[in-house]
Amino acid sequence: MKGGLVMRDLHFKPIVPLLLLLAFLGFWLLWKNPSHQELHATTRLAMGTLVSVSTWGATEAEDENGVNWVFSRIKEVESWASKQIPSSLVYKINHSPKGTLLEVPEELVTVVHTGLEIRNLSGGAFDPGLGYLVDLWGFGNGVAEEGKIPETQKIAAWLEERNKHHDFGIQWVKTANGGMAIQWGGFAYELDLGGIAKGYAMDLAMESLKLSGIPNALIVAGGDMIIAGSKGGKPWRIGIQHPRDHNKVMAFAEITGDMAMSTSGDYERFFMANGERQHHILDPKTGKPSRSGLISVSIQTSTSIKADALSTAVFVLGMKEGKALIEKLDGVEGMLVHENGERWKSPGFKGQWLEGS
Ligand code: AMP
Ligand code: MG
(Lines give C-alpha, C1' and ligand atoms only; values in the text may rest on other atoms or scores of the structure.)
(Ligands and ions follow the chains in the order given, each with its own letter.)
Protein backbone atom coordinates (compact mmCIF):
# COMPACT_ATOMS: atom_id res chain seq x y z
CA MET A 1 0.00 0.00 0.00
CA LYS A 2 2.76 2.37 1.09
CA GLY A 3 4.95 1.35 -1.84
CA GLY A 4 2.11 2.01 -4.19
CA LEU A 5 1.83 5.57 -2.91
CA VAL A 6 5.52 6.23 -3.39
CA MET A 7 5.28 4.85 -6.88
CA ARG A 8 2.38 7.18 -7.74
CA ASP A 9 4.17 10.23 -6.28
CA LEU A 10 7.27 9.48 -8.29
CA HIS A 11 5.22 8.97 -11.40
CA PHE A 12 3.18 12.20 -11.11
CA LYS A 13 5.71 14.62 -9.74
CA PRO A 14 7.16 15.80 -13.06
CA ILE A 15 3.77 16.77 -14.47
CA VAL A 16 2.57 18.89 -11.50
CA PRO A 17 4.00 22.16 -12.88
CA LEU A 18 2.51 21.30 -16.25
CA LEU A 19 -0.91 20.73 -14.68
CA LEU A 20 -0.64 23.99 -12.81
CA LEU A 21 0.25 25.77 -16.03
CA LEU A 22 -2.67 24.18 -17.85
CA ALA A 23 -5.05 25.12 -15.03
CA PHE A 24 -3.81 28.68 -15.15
CA LEU A 25 -4.20 28.74 -18.94
CA GLY A 26 -7.72 27.35 -18.58
CA PHE A 27 -8.75 30.04 -16.08
CA TRP A 28 -7.16 32.71 -18.23
CA LEU A 29 -9.01 31.50 -21.34
CA LEU A 30 -12.31 31.29 -19.42
CA TRP A 31 -11.79 34.79 -18.15
CA LYS A 32 -10.89 36.13 -21.62
CA ASN A 33 -13.59 34.14 -23.40
CA PRO A 34 -16.70 36.27 -23.95
CA SER A 35 -18.89 33.19 -23.48
CA HIS A 36 -18.22 33.58 -19.76
CA GLN A 37 -19.12 37.21 -19.44
CA GLU A 38 -21.47 37.77 -16.52
CA LEU A 39 -24.23 39.87 -18.07
CA HIS A 40 -26.18 38.53 -21.04
CA ALA A 41 -28.96 40.45 -22.74
CA THR A 42 -31.30 39.15 -25.45
CA THR A 43 -34.14 41.04 -27.10
CA ARG A 44 -36.79 39.43 -29.29
CA LEU A 45 -40.24 40.33 -30.50
CA ALA A 46 -43.07 38.56 -28.65
CA MET A 47 -46.60 39.39 -27.42
CA GLY A 48 -46.63 42.34 -29.83
CA THR A 49 -43.74 44.06 -28.09
CA LEU A 50 -39.99 43.87 -27.58
CA VAL A 51 -39.13 41.48 -24.80
CA SER A 52 -35.66 41.71 -23.34
CA VAL A 53 -34.13 39.18 -21.00
CA SER A 54 -31.02 40.05 -19.00
CA THR A 55 -29.30 37.42 -16.92
CA TRP A 56 -26.36 37.71 -14.58
CA GLY A 57 -23.73 35.10 -13.81
CA ALA A 58 -24.84 32.39 -16.24
CA THR A 59 -22.58 30.79 -18.84
CA GLU A 60 -23.44 31.43 -22.46
CA ALA A 61 -24.94 27.95 -22.76
CA GLU A 62 -27.05 28.36 -19.59
CA ASP A 63 -28.23 31.76 -20.75
CA GLU A 64 -29.15 30.47 -24.21
CA ASN A 65 -31.03 27.53 -22.76
CA GLY A 66 -32.88 29.73 -20.24
CA VAL A 67 -33.74 32.42 -22.80
CA ASN A 68 -35.05 29.86 -25.30
CA TRP A 69 -37.27 28.43 -22.60
CA VAL A 70 -38.51 31.92 -21.72
CA PHE A 71 -39.58 32.64 -25.28
CA SER A 72 -41.16 29.26 -25.83
CA ARG A 73 -43.31 29.70 -22.70
CA ILE A 74 -44.31 33.21 -23.76
CA LYS A 75 -45.28 31.86 -27.21
CA GLU A 76 -47.27 29.09 -25.53
CA VAL A 77 -49.31 31.62 -23.53
CA GLU A 78 -49.81 33.73 -26.64
CA SER A 79 -51.03 30.69 -28.57
CA TRP A 80 -54.03 30.17 -26.28
CA ALA A 81 -54.60 33.63 -24.79
CA SER A 82 -54.46 35.80 -27.92
CA LYS A 83 -57.77 37.09 -29.15
CA GLN A 84 -56.46 37.51 -32.70
CA ILE A 85 -55.04 34.07 -33.48
CA PRO A 86 -57.92 31.96 -34.92
CA SER A 87 -56.45 28.75 -33.51
CA SER A 88 -56.34 30.16 -29.95
CA LEU A 89 -58.68 29.03 -27.23
CA VAL A 90 -59.79 32.57 -26.41
CA TYR A 91 -60.69 33.07 -30.09
CA LYS A 92 -62.66 29.80 -30.04
CA ILE A 93 -64.55 30.82 -26.90
CA ASN A 94 -65.33 34.27 -28.32
CA HIS A 95 -66.52 32.87 -31.65
CA SER A 96 -68.73 30.11 -30.28
CA PRO A 97 -72.49 30.49 -30.18
CA LYS A 98 -73.69 32.00 -26.88
CA GLY A 99 -74.04 29.34 -24.19
CA THR A 100 -71.46 26.96 -25.70
CA LEU A 101 -69.72 24.81 -23.12
CA LEU A 102 -65.99 24.43 -23.78
CA GLU A 103 -63.51 22.47 -21.73
CA VAL A 104 -60.56 24.70 -20.83
CA PRO A 105 -57.10 24.04 -19.36
CA GLU A 106 -56.14 25.08 -15.86
CA GLU A 107 -53.98 27.92 -17.19
CA LEU A 108 -56.95 29.70 -18.71
CA VAL A 109 -58.98 29.15 -15.54
CA THR A 110 -56.13 30.70 -13.49
CA VAL A 111 -55.83 33.79 -15.70
CA VAL A 112 -59.59 34.42 -16.04
CA HIS A 113 -60.15 33.77 -12.32
CA THR A 114 -57.38 36.21 -11.36
CA GLY A 115 -58.91 38.71 -13.79
CA LEU A 116 -62.31 38.28 -12.14
CA GLU A 117 -60.74 38.64 -8.70
CA ILE A 118 -59.24 41.99 -9.73
CA ARG A 119 -62.59 42.88 -11.30
CA ASN A 120 -64.27 42.38 -7.92
CA LEU A 121 -61.53 44.24 -6.04
CA SER A 122 -61.75 47.19 -8.41
CA GLY A 123 -65.54 47.38 -8.55
CA GLY A 124 -65.48 46.43 -12.24
CA ALA A 125 -62.78 48.90 -13.37
CA PHE A 126 -60.69 45.97 -14.56
CA ASP A 127 -62.65 43.52 -16.64
CA PRO A 128 -61.33 40.51 -18.60
CA GLY A 129 -64.51 40.48 -20.71
CA LEU A 130 -64.12 43.61 -22.82
CA GLY A 131 -63.21 41.83 -26.07
CA TYR A 132 -66.04 43.20 -28.20
CA LEU A 133 -65.51 46.74 -26.91
CA VAL A 134 -61.74 46.63 -27.42
CA ASP A 135 -62.31 45.53 -31.05
CA LEU A 136 -64.98 48.20 -31.53
CA TRP A 137 -62.35 50.80 -30.72
CA GLY A 138 -59.92 48.97 -32.99
CA PHE A 139 -57.29 48.25 -30.36
CA GLY A 140 -57.53 44.47 -30.26
CA ASN A 141 -57.58 43.95 -33.99
CA GLY A 142 -55.15 46.62 -35.16
CA VAL A 143 -57.77 48.70 -37.01
CA ALA A 144 -57.68 51.77 -34.73
CA GLU A 145 -57.57 54.81 -36.96
CA GLU A 146 -56.98 58.48 -36.48
CA GLY A 147 -60.31 60.30 -36.12
CA LYS A 148 -62.40 57.12 -36.25
CA ILE A 149 -64.47 56.41 -33.15
CA PRO A 150 -67.16 53.73 -32.86
CA GLU A 151 -70.85 54.44 -33.45
CA THR A 152 -72.56 55.54 -30.24
CA GLN A 153 -75.38 52.97 -30.74
CA LYS A 154 -72.91 50.09 -30.79
CA ILE A 155 -71.39 51.16 -27.48
CA ALA A 156 -74.89 51.67 -26.04
CA ALA A 157 -75.96 48.17 -27.20
CA TRP A 158 -72.92 46.66 -25.49
CA LEU A 159 -73.63 48.55 -22.25
CA GLU A 160 -77.27 47.50 -22.34
CA GLU A 161 -76.42 43.83 -22.80
CA ARG A 162 -73.88 44.14 -19.99
CA ASN A 163 -76.35 45.62 -17.55
CA LYS A 164 -78.70 42.65 -17.96
CA HIS A 165 -76.48 40.46 -15.79
CA HIS A 166 -75.53 41.07 -12.21
CA ASP A 167 -72.78 38.50 -12.37
CA PHE A 168 -70.09 38.28 -15.03
CA GLY A 169 -72.18 36.42 -17.60
CA ILE A 170 -69.68 33.57 -17.92
CA GLN A 171 -70.40 30.34 -16.13
CA TRP A 172 -67.89 27.75 -14.97
CA VAL A 173 -68.88 24.12 -15.06
CA LYS A 174 -66.95 21.22 -13.54
CA THR A 175 -66.50 18.36 -16.01
CA ALA A 176 -66.96 14.68 -15.16
CA ASN A 177 -63.18 14.13 -15.18
CA GLY A 178 -62.59 16.93 -12.65
CA GLY A 179 -61.64 19.54 -15.24
CA MET A 180 -63.28 22.87 -15.95
CA ALA A 181 -65.49 24.05 -18.75
CA ILE A 182 -66.49 27.59 -19.53
CA GLN A 183 -69.94 28.57 -20.70
CA TRP A 184 -69.61 31.65 -22.77
CA GLY A 185 -72.04 34.49 -22.15
CA GLY A 186 -72.25 36.20 -25.55
CA PHE A 187 -70.81 39.28 -27.23
CA ALA A 188 -70.93 41.46 -24.11
CA TYR A 189 -68.57 39.02 -22.41
CA GLU A 190 -65.97 38.37 -25.09
CA LEU A 191 -62.71 37.61 -23.40
CA ASP A 192 -59.80 40.01 -23.81
CA LEU A 193 -56.83 39.06 -21.69
CA GLY A 194 -54.68 41.90 -23.06
CA GLY A 195 -54.50 43.53 -19.63
CA ILE A 196 -53.40 40.41 -17.74
CA ALA A 197 -51.99 37.60 -19.95
CA LYS A 198 -48.67 39.36 -20.51
CA GLY A 199 -48.17 39.49 -16.76
CA TYR A 200 -48.98 35.80 -16.45
CA ALA A 201 -46.48 35.01 -19.23
CA MET A 202 -43.82 37.07 -17.42
CA ASP A 203 -44.31 35.02 -14.24
CA LEU A 204 -43.86 31.81 -16.24
CA ALA A 205 -40.84 33.31 -18.00
CA MET A 206 -39.07 34.09 -14.73
CA GLU A 207 -40.01 30.68 -13.35
CA SER A 208 -38.36 29.09 -16.41
CA LEU A 209 -35.13 31.01 -15.79
CA LYS A 210 -35.05 29.97 -12.15
CA LEU A 211 -35.78 26.34 -13.00
CA SER A 212 -32.95 26.40 -15.53
CA GLY A 213 -30.54 27.52 -12.80
CA ILE A 214 -30.54 31.29 -13.36
CA PRO A 215 -31.53 33.07 -10.13
CA ASN A 216 -30.46 36.58 -11.21
CA ALA A 217 -32.44 38.13 -14.05
CA LEU A 218 -34.52 41.01 -15.34
CA ILE A 219 -37.21 40.57 -17.99
CA VAL A 220 -38.81 43.61 -19.58
CA ALA A 221 -41.75 43.49 -22.02
CA GLY A 222 -43.09 46.92 -22.88
CA GLY A 223 -44.55 48.28 -19.65
CA ASP A 224 -44.19 45.05 -17.70
CA MET A 225 -41.10 43.83 -15.94
CA ILE A 226 -40.07 41.14 -13.52
CA ILE A 227 -36.91 41.00 -11.46
CA ALA A 228 -35.07 38.28 -9.56
CA GLY A 229 -31.88 38.42 -7.55
CA SER A 230 -29.24 40.98 -8.32
CA LYS A 231 -26.78 42.07 -10.96
CA GLY A 232 -23.60 40.68 -9.41
CA GLY A 233 -24.52 41.83 -5.92
CA LYS A 234 -25.73 45.19 -7.20
CA PRO A 235 -29.40 46.09 -7.72
CA TRP A 236 -31.06 46.00 -11.13
CA ARG A 237 -31.66 49.56 -12.30
CA ILE A 238 -34.93 50.25 -14.06
CA GLY A 239 -36.62 53.31 -15.50
CA ILE A 240 -40.27 54.34 -15.83
CA GLN A 241 -41.11 56.12 -19.07
CA HIS A 242 -42.34 59.72 -19.04
CA PRO A 243 -45.98 59.59 -20.20
CA ARG A 244 -45.64 62.64 -22.44
CA ASP A 245 -42.06 62.27 -23.71
CA HIS A 246 -41.13 58.79 -24.83
CA ASN A 247 -37.44 59.69 -24.91
CA LYS A 248 -37.48 60.63 -21.25
CA VAL A 249 -37.43 58.62 -18.06
CA MET A 250 -39.73 60.01 -15.35
CA ALA A 251 -38.60 57.87 -12.44
CA PHE A 252 -36.06 55.20 -11.71
CA ALA A 253 -35.62 52.44 -9.21
CA GLU A 254 -32.85 50.20 -7.96
CA ILE A 255 -34.22 46.80 -7.05
CA THR A 256 -32.76 43.62 -5.60
CA GLY A 257 -34.78 40.48 -5.01
CA ASP A 258 -38.04 39.20 -6.40
CA MET A 259 -40.46 41.82 -7.65
CA ALA A 260 -42.81 42.52 -10.54
CA MET A 261 -43.72 45.96 -11.84
CA SER A 262 -46.25 46.97 -14.49
CA THR A 263 -47.01 50.37 -15.94
CA SER A 264 -50.23 51.28 -17.73
CA GLY A 265 -50.33 54.51 -19.66
CA ASP A 266 -52.56 56.35 -22.12
CA TYR A 267 -49.52 56.86 -24.36
CA GLU A 268 -48.97 53.21 -25.21
CA ARG A 269 -51.65 52.87 -27.90
CA PHE A 270 -53.83 55.80 -28.89
CA PHE A 271 -55.15 57.96 -31.71
CA MET A 272 -56.69 61.41 -31.74
CA ALA A 273 -60.39 62.04 -32.48
CA ASN A 274 -62.75 64.85 -31.43
CA GLY A 275 -59.70 66.62 -30.04
CA GLU A 276 -59.26 63.88 -27.46
CA ARG A 277 -56.74 61.12 -26.93
CA GLN A 278 -58.55 57.85 -27.65
CA HIS A 279 -56.42 55.28 -25.90
CA HIS A 280 -56.51 51.53 -25.30
CA ILE A 281 -57.54 51.44 -21.62
CA LEU A 282 -61.32 51.39 -21.59
CA ASP A 283 -63.73 52.21 -18.81
CA PRO A 284 -66.31 49.39 -18.69
CA LYS A 285 -68.85 51.82 -17.17
CA THR A 286 -68.82 54.16 -20.16
CA GLY A 287 -67.58 51.85 -22.93
CA LYS A 288 -65.03 54.53 -23.83
CA PRO A 289 -61.35 55.25 -23.15
CA SER A 290 -60.89 55.94 -19.45
CA ARG A 291 -61.10 59.62 -18.50
CA SER A 292 -60.06 59.21 -14.87
CA GLY A 293 -57.39 61.88 -15.37
CA LEU A 294 -54.56 59.44 -14.68
CA ILE A 295 -52.04 59.16 -17.50
CA SER A 296 -49.55 56.71 -15.98
CA VAL A 297 -49.86 54.08 -13.26
CA SER A 298 -47.07 51.78 -12.07
CA ILE A 299 -47.76 48.92 -9.70
CA GLN A 300 -45.16 46.88 -7.84
CA THR A 301 -46.08 43.58 -6.24
CA SER A 302 -44.90 39.99 -5.98
CA THR A 303 -46.39 38.60 -9.19
CA SER A 304 -46.53 40.04 -12.65
CA ILE A 305 -50.08 38.80 -13.30
CA LYS A 306 -51.36 40.95 -10.41
CA ALA A 307 -49.14 43.94 -11.21
CA ASP A 308 -50.37 43.87 -14.82
CA ALA A 309 -54.08 43.70 -14.00
CA LEU A 310 -53.85 46.15 -11.08
CA SER A 311 -52.06 48.82 -13.12
CA THR A 312 -54.94 48.76 -15.61
CA ALA A 313 -57.52 48.71 -12.78
CA VAL A 314 -56.00 51.68 -10.91
CA PHE A 315 -55.65 53.60 -14.18
CA VAL A 316 -59.44 53.36 -14.69
CA LEU A 317 -60.26 54.04 -11.02
CA GLY A 318 -58.39 57.35 -10.95
CA MET A 319 -56.30 59.09 -8.30
CA LYS A 320 -58.63 58.89 -5.28
CA GLU A 321 -60.08 55.41 -5.67
CA GLY A 322 -56.84 54.06 -7.14
CA LYS A 323 -54.86 55.23 -4.11
CA ALA A 324 -57.47 53.67 -1.81
CA LEU A 325 -57.21 50.31 -3.57
CA ILE A 326 -53.39 50.31 -3.38
CA GLU A 327 -53.50 51.21 0.31
CA LYS A 328 -56.04 48.48 0.99
CA LEU A 329 -54.00 45.70 -0.60
CA ASP A 330 -51.10 44.07 1.25
CA GLY A 331 -47.81 43.98 -0.63
CA VAL A 332 -49.02 46.29 -3.40
CA GLU A 333 -47.29 49.62 -4.07
CA GLY A 334 -48.07 52.22 -6.69
CA MET A 335 -46.90 55.35 -8.47
CA LEU A 336 -49.62 57.51 -10.06
CA VAL A 337 -49.42 60.48 -12.43
CA HIS A 338 -52.40 62.75 -13.14
CA GLU A 339 -52.74 64.88 -16.26
CA ASN A 340 -53.06 67.96 -14.02
CA GLY A 341 -49.48 67.40 -12.86
CA GLU A 342 -50.37 65.79 -9.54
CA ARG A 343 -48.12 62.83 -8.65
CA TRP A 344 -48.35 60.30 -5.87
CA LYS A 345 -46.45 57.22 -4.79
CA SER A 346 -47.12 54.89 -1.89
CA PRO A 347 -44.50 54.92 0.87
CA GLY A 348 -43.24 51.42 0.02
CA PHE A 349 -42.89 52.05 -3.73
CA LYS A 350 -39.32 51.38 -4.81
CA GLY A 351 -38.36 54.32 -7.01
CA GLN A 352 -37.70 58.02 -7.16
CA TRP A 353 -38.93 60.79 -9.40
CA LEU A 354 -36.18 62.11 -11.62
CA GLU A 355 -35.52 65.76 -11.06
CA GLY A 356 -36.97 67.97 -13.78
CA SER A 357 -39.01 65.12 -15.29
P1 AMP B 1 -52.42 47.45 -20.04
O2 AMP B 1 -51.60 48.00 -21.16
O3 AMP B 1 -51.78 46.35 -19.27
O4 AMP B 1 -52.99 48.50 -19.15
O5 AMP B 1 -53.65 46.69 -20.70
C6 AMP B 1 -54.43 47.30 -21.69
C7 AMP B 1 -55.06 46.23 -22.52
O8 AMP B 1 -56.00 45.51 -21.72
C9 AMP B 1 -55.84 46.80 -23.67
O10 AMP B 1 -55.08 46.82 -24.86
C11 AMP B 1 -57.02 45.85 -23.77
O12 AMP B 1 -56.65 44.70 -24.49
C13 AMP B 1 -57.27 45.45 -22.34
N14 AMP B 1 -58.13 46.40 -21.59
C15 AMP B 1 -58.49 47.67 -21.89
N16 AMP B 1 -59.24 48.21 -20.91
C17 AMP B 1 -59.36 47.25 -19.96
C18 AMP B 1 -60.02 47.19 -18.69
N19 AMP B 1 -60.69 48.21 -18.21
N20 AMP B 1 -59.93 46.02 -18.01
C21 AMP B 1 -59.24 44.97 -18.49
N22 AMP B 1 -58.60 44.95 -19.66
C23 AMP B 1 -58.65 46.08 -20.38
MG1 MG C 1 -51.92 46.02 -17.20
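**View 1. Helices α3 (60–81), α8 (197–211) and α9 (304–317) and strand β10 (259–265) each give at least two residues to the lining of the largest pocket.** This is a predicted model: local features need pLDDT of at least 70, side-chain atom pairs count only at 80 or more, and totals for chains, interfaces and linings use all residues. Residues are numbered from 1 along each chain as written, chains are lettered from A and ligands numbered from 1 in written order, and side-chain values use heavy atoms, leaving out hydrogens and water. Helices (H or I, at least four residues) and strands (E, at least two) are DSSP runs, counted from the N terminus.

**View 2. The largest pocket holds about 1,100 Å³ of space.** Its lining has 42 residues, and D192, G194, G195, K198 and R269 are the closest to the centre. A pocket here is an open set of points on a 1 Å grid over the protein atoms alone, where a 1.4 Å probe fits, with protein on both sides within 12 Å along at least five of seven lines; lining residues have an atom within 4 Å of a point. The volume is the space filled by probe spheres set on those points, joined across faces, edges and corners.

**View 3. Ligand 1 pairs up with backbone atoms.** A backbone N or O atom of D127 is 2.9 Å from a ligand 1 nitrogen, and one of G195 is 3.1 Å from a ligand 1 oxygen.

Note on methods: A polar contact is a pair of N or O atoms within 3.5 Å; within protein, one must be able to donate a hydrogen and the other to accept it, and residues adjacent in sequence count only if both atoms are side-chain atoms.
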